[in-house]
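Please examine the sequence and the three-dimensional structure together before reading on.

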Amino acid sequence: MAVASQMSQAVFVTVSALDGGHLTLPERLFVTDADPEKRATVPSLSFLVQHPSTQTSSGGDRKSTTNLLFDLGVKRDIQGYTGAQQAHIAQRQPVTTDPDCAASLRRGVAGSNTEEHDRGPLLDPAKDIDLVILSHVHWDHIGTPSDFASATFAVGSGTLDLLKNGAGPLYPAELFNDDELPRSRTVEFPPVPGSIYGAALQIPQHTATLLSTQTKLPPSTQEWSWRPLAGFPAVLDFFGDQSLFVIDSPGHLYGHVNLLARVGERRYIYLGGDCCHDPRILWGEKDIALYDDGKGGVRSVHVDTGAAKRTLDQIRSFVNGESMGKGVEVEVVMAHDGVWREQNRHRFWPGNM
Ligand SMILES: [Zn+2]
């Protein structure tokens, strides 16, 4: 299909929320003026983005939909985490892993595909998922990549180095899993020019795609480059048709990215990953908590608190500023928003947003 003919008509994607397990966050580590005892069990949401493209699979089949996942939630089997990760996860209990992202794809939201064994899965994680984009590689977003045996993984620049070597004393290698992602099916987005992290030590470095790569990516990959859009300094047009944008969203963890999905003529959904863990921070009602880092300093849940605040400022002005045009509506959903989950069960797969 010629790109030019595609461009002449607006292309939309469909977005469905998926349950990817739950974890429990002590409020004092996340928001200012918190009740020191309060803990909230929150979801780690995944999202299915369906793009109306055609693809040639290894068997030569044509498909009318590309299925892309944004984040994979919590690993189904906690034993799959490293020892240090399990020690950290012990402080986030209760943790639930059923349904995880794969089960949510097969069964749909509670009750929608109860006869899975008779009717088959709604979507088969091993066969039907073409692409996975991870907002970042913290344990509660990385899920079980091996479930997605035919998917290509796309992650922020520096992510593979971070998984292998960690990044400084607060982000030691033992808190990551080097062999988490299939190297031959993983690509990093291009490095962001003038990245806010600069050239300081311990910043994870970009890893080039293997020459022998088995990644399957849309043709737009050749033209992937970060450009400013609507107040964001670095945005990449994933499919090359303005239906799905990857937004560089620094601050939380090296390589952190968001997605902006065009779901209608005048409607966008902004998937904010871990830009904040409580929407009250985005809307300015609360601030990012600081706490003792155990090494003589203070830290937040973000790798760079100042950068995280600037990213939130950009999201807030983007949403409030009608940046995509007059009367264009943008809905923001963060990965751990339990209130949104409760109020939007009908928008979980096989429903859509
Ligand atoms: Zn995180």
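Is Asp71 buried or exposed? The model under discussion is a predicted one, and in it Asp71 has a relative accessible area of 1%. A residue counts as buried when this value is under 20%, so Asp71 is buried. Asp71 belongs to the loop between β7 (66-70) and α2. Its backbone also deserves attention, for phi of Asp71 is near 70°, a positive value in a residue other than glycine.

Most residues other than glycine have a negative phi, and most peptide bonds are trans. Ala230 sits in the loop between β11 (227-229) and β12. With a relative accessible area of 27%, Ala230 is partly exposed.

The peptide bonds may be considered next. The loop between α2 (83-89) and α3 (101-107) contains Pro94, and a cis peptide bond with omega of about -5° joins Gln93 to Pro94. Pro99 is placed in the loop between α2 and α3 as well. Asp98 and Pro99 are likewise joined by a cis peptide bond, with omega of about 5°.

The next topic is the metal site. Which residues coordinate the zinc ion? They are His136 through NE2, His138 through ND1, His252 through NE2 and Asp274 through OD, at 2.2 Å. Along the sequence, these donor residues follow the spacing H-x1-H-x113-H-x21-D. Both His136 and His138 are buried. The 4 donor atoms subtend angles of 88 to 175° around the zinc ion, and the arrangement is therefore irregular. A tetrahedral arrangement would require all angles to lie between 85 and 135 degrees.

Apart from neighbours within four places in sequence, Gly255 is in contact with Ser135, Gly156, Ser157 and Thr159. Gly255 and Ile142 are 113 residues apart in sequence, and their C-alpha atoms are 13 Å apart in space.

Helix α9 can be followed from its start to its end. At the start of α9, a side-chain oxygen of Asp304 comes to within 3.2 Å of the backbone nitrogen of Gly306. The helix comprises 16 residues (residues 305-320), and at 1.5 Å a residue it should span 22 Å. The C-alpha atoms at its ends are 22 Å apart, which agrees with that expectation. After α9 comes Glu322, whose phi is positive, near 50°.

Where do the buried residues of α9 lie when seen down its axis? The residues concerned are Thr305, Ala307, Ala308, Thr311, Leu312, Ile315, Phe318 and Val319. Seen down the axis of α9, these buried residues fall within an arc of 160°, so they line one face of the helix.

Conventions: Residues are numbered from 1 along each chain as its sequence is written. This is a predicted model: local features need pLDDT of at least 70, side-chain atom pairs count only at pLDDT 80 or more; totals for chains, interfaces and linings use all residues. Side-chain values use heavy atoms; hydrogens and water are left out. Helices (H or I, at least four residues) and strands (E, at least two) are DSSP runs, numbered from the N terminus. The expected span of a helix is 1.5 Å times one less than its number of residues. Buried means under 20% relative accessible area, exposed over 50%, partly exposed in between (1.4 Å probe, protein chains only). The arc is that of the directions from the helix axis to the C-beta atoms. A polar contact is a pair of N or O atoms within 3.5 Å; within protein, one must be able to donate a hydrogen and the other to accept it, and residues adjacent in sequence count only if both atoms are side-chain atoms. Donors are N, O and S atoms within 2.8 Å of the metal (3.2 Å for Na, K and Ca); water is not among the atoms, so sites may look incomplete. Four donors count as tetrahedral if all angles lie between 85 and 135 degrees; four count as square planar and six as octahedral if opposite donors are over 155 degrees apart and all others between 65 and 115; anything else is irregular. Contact means heavy atoms within 4.5 Å.
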